[in-house]
Amino acid sequence: SLAVCDSLSTATGQDGCWQGAFMENVNAAMRGEAREGVFSKSDPLAPCNGVAGKYRHECFINHAGWLMHVFSNNVAHASAACLQAPSAANVSACLQSIGLMVTNPVWQAALAGNTAGKSFAEISWGLCVQFPETYQSECVRGAVDNVLNFDELDVTRADAFCQAVSSNLRVLCAERIGGSLRSQATDVAAVRQKCQSLKDNQVACLRGAGL
C-alpha cells in the first residue's frame, strides 16, 4: 500500500495516502482482521516503530485505536506507551492520536466510564489529565484538532474545552484553535472574528492563526 502511495506525484497526495493506509490498517486490527505479523501486543508501537522514517508521523497519528485495544481503553497506560516511540516527534504524534479521541463522543464514552453530571469539556480534560503530566499539552493539541474537525468554524465546544484545561495550558489551547481555524478558512476576517469571540486568550488564538 505504501509503495502505491509513493507513486503519487505530489507530497500532499503521498502523505494523504499514507494517512489513509495506516488508518484502515488500524481499523482492520481493531476488527481482528489484521494481517499476521503487522501488530504485536508485546510491542504495542508496532508497526509504527519499524516503518521508514517518512511514514512514521502518519502511522503514529493513527495508532491510538490499536493502543486502546492493547491496553483495554486505559488512557494512562496507552499514553505511557507512546513515550517509547523512536523520536520526540513520534512521541508527540502518538500522544496526539490519543488526544484526538478525548473529544470524540464515541471514544469518550468508551474511555471515560461514568460521566454523569459532567460536561463535554470536563470529560475531555479529565481524560487528558491521565496523560503523563509533562505531556498533557499533546492531549490538548489533539483534542482541539479533533473537535474543530467536527465543528469546523464553530468554536463553542473548543472554547469550553480551553476553559476547562489547567491554567498553564490555556494559551496553548487558544493558539491551537487559531491554527485549526486558519487551516480551514480562507477568509481572514472570519478567522479573526472567531478568535475574538473566545472568552479569553483571544490574542493567543490570533497568534496561532498567524494574525
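Is Arg176 buried, exposed or partly exposed, and at what relative accessibility? Arg176 counts as partly exposed, at 25% relative accessibility; buried means under 20% relative accessible area, exposed over 50%, and partly exposed in between, with a 1.4 Å probe and protein chains only.

Hello everyone, a word on the model. It is predicted, so local features need pLDDT of at least 70 and side-chain atom pairs count only at pLDDT 80 or more, while totals for chains, interfaces and linings use all residues. Residues are numbered from 1 along each chain as its sequence is written, and side-chain values use heavy atoms, leaving out hydrogens and water.

Now, the salt bridges. The structure holds 6 of them, each a side-chain nitrogen of Lys or Arg within 4 Å of a carboxyl oxygen of Asp or Glu. In one of them, Arg176 pairs with Asp145, with the closest N and O atoms 2.8 Å apart. This pair links distant parts of the chain, 31 residues apart: Asp145 sits in helix H9 (residues 136–151) and Arg176 in helix H11 (residues 170–184). Helices here are DSSP runs (H or I, at least four residues), numbered from the N terminus.

Arg207 is partly exposed at 46%, and Glu175 is partly exposed at 26%.

Lastly, please look at Gln163, in helix H10 (residues 156–164). Its C-alpha atom and that of Asp200 are separated by 8.5 Å.

Notes: Helices (H or I, at least four residues) and strands (E, at least two) are DSSP runs, numbered from the N terminus.
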